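This report goes through side-chain pairings in the structure shown below. Please keep the sequence and the model at hand while reading.

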Amino acid sequence: MSDKAAGPLQLKTKRPRQEAAQASRRIDRIAPWVDVLSKVATVAVLVLAVLQFIETGREKQRERAMQLVDQWVDEGNPERLARISGHLKAVASEASQEIAALPQDMQARAWDNVAANMFKALSRPEDDGSVAVRNDIDALLRFFTRAEVCVASGLCDMAVARAYFGVEARSIRKELDPLFAMERAEAQPAFGLSLDRFLAMVER
């Protein structure tokens, strides 16, 4: 009688043990995936943090570049560009009538002489007009020295610098190329190098 009574009790105790074992096996199968998912989530959080850091850095670069734009305007550099260009055109216009009266085969040489004399006057200015224009040129080159340092150091956003100053930098370099060559050959080998470096960065 006692053996028969024990039978059902033993069956009841075995079933929970089997279920516990099955649950344990399921947990063992799931555990590696939980670990993988945990690692993926950690990596995702780190990636988002890095992206946010990068975007914050870019925003600071854009803000610093826009400060440079404000300085360009506040310092009167657009007006300086206009005065330099106006001076060069005025000298060329004054000489054009005299050169037009020369024989055709002499005109090219005459223009070369006008350009050489004009830039020599800016290289070693004596009259008030040439002194004022040379001061404008030097001020623009000082600005592009700051701009070049700002972009090269990563403090300023290159795209903003290119958009706002690329055309102006190319114009200065092209119009004043004879002066650059003259200064570098005679006394200042580093004359305008910051402008050249700035152009090399924003044009690549």
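Apart from its neighbours within four places in sequence, arginine 173 is in contact with Phe180, Arg184, Leu195, Asp196 and Leu199. This comes from a predicted model, as does everything that follows. Arginine 173 sits in helix H5 and counts as buried because its relative accessibility is 17%, below the 20% cut-off. Two aspartates meet its side chain. The side chain of aspartate 177 makes a polar contact with that of arginine 173 at 2.9 Å, and the side chain of aspartate 196 makes another at 2.6 Å. Aspartate 196 is also among the contacts of arginine 173 listed above.

**Salt bridges**

Side chains of opposite charge can pair when their charged atoms come close. Over the whole structure, 13 salt bridges are found.

| Arginine 146 | Glutamate 75 | 2.6 Å |

The salt bridge of arginine 146 with glutamate 75 links distant parts of the chain: arginine 146 belongs to helix H4, while glutamate 75 is in the loop between H1 and helix H2 (77-100), 71 residues apart. Arginine 146 is partly exposed at 34% relative accessibility. Glutamate 75, with a relative accessible area of 32%, is partly exposed as well.

Are the two partners buried or exposed? Aspartate 136 is buried, with a relative accessible area of 8%, whereas arginine 83 counts as partly exposed at 45%.

Glutamate 203 is partly exposed with a relative accessible area of 44%, and arginine 170 is partly exposed with 39%.

Salt bridges also form a network, which links Arg124, Arg134, Asp138, Glu183 and Glu186.

**Helix H4 and its ends**

Helix H4 has 25 residues, and its first and last C-alpha atoms are 36 Å apart, close to the 36 Å expected at 1.5 Å a residue. At the start of H4, the backbone nitrogen of glycine 129 has a side-chain oxygen of aspartate 127 within 3.1 Å. Just after H4, glycine 154 has a positive phi of about 85°.

**The disulfide**

The count of disulfides comes to one. Which cysteines form it? The disulfide joins cysteine 150 and cysteine 156, with their sulfur atoms 1.8 Å apart. The torsion about the S-S bond is about 70°, so this disulfide is right-handed. Cysteine 150 is buried, with a relative accessible area of 5%, and cysteine 156 is buried with 3%.

**Aromatic pairs**

A pair of aromatic rings is described by the distance of the centres and the angle of the planes. The search of the whole structure gives eight aromatic pairs. In one of them, the rings of tryptophan 72 and phenylalanine 144 have centres 5.8 Å apart; their planes are at 65°, so the pair is edge-to-face. An angle over 60 degrees is what puts a pair in that class. Tryptophan 72 is in helix H1 (residues 2-74) and phenylalanine 144 in helix H4 (residues 128-152), so that this pair too links distant parts of the chain, 72 residues apart.

Both partners are classed by the 20% cut-off for buried residues. Tryptophan 72 counts as buried at 6% relative accessibility, and phenylalanine 144 is buried with a relative accessible area of 0%. The two rings belong to a cluster in which ring pairs link Trp72, Phe143, Phe144, Phe165 and Phe198.

How values were computed: Residues numbered from 1 in each chain as written. Predicted model: local features only at pLDDT ≥ 70, side-chain atom pairs only at ≥ 80, totals over all residues. Heavy atoms only, no water. Phe/Tyr/Trp six-rings, centres within 6.5 Å; stacked < 30°, edge-to-face > 60°. Helix = DSSP H or I, 4+ residues; strand = E, 2+ residues; numbered from the N terminus. Buried < 20%, exposed > 50% of the residue type's maximum accessible area, 1.4 Å probe, protein only. Expected span 1.5 Å × (residues − 1). Polar contact = N/O pair within 3.5 Å; in protein donor to acceptor, adjacent residues only side chain to side chain. Salt bridge = Lys/Arg side-chain N within 4 Å of Asp/Glu carboxyl O. Disulfide = S-S within 2.5 Å. Contact = heavy atoms within 4.5 Å.
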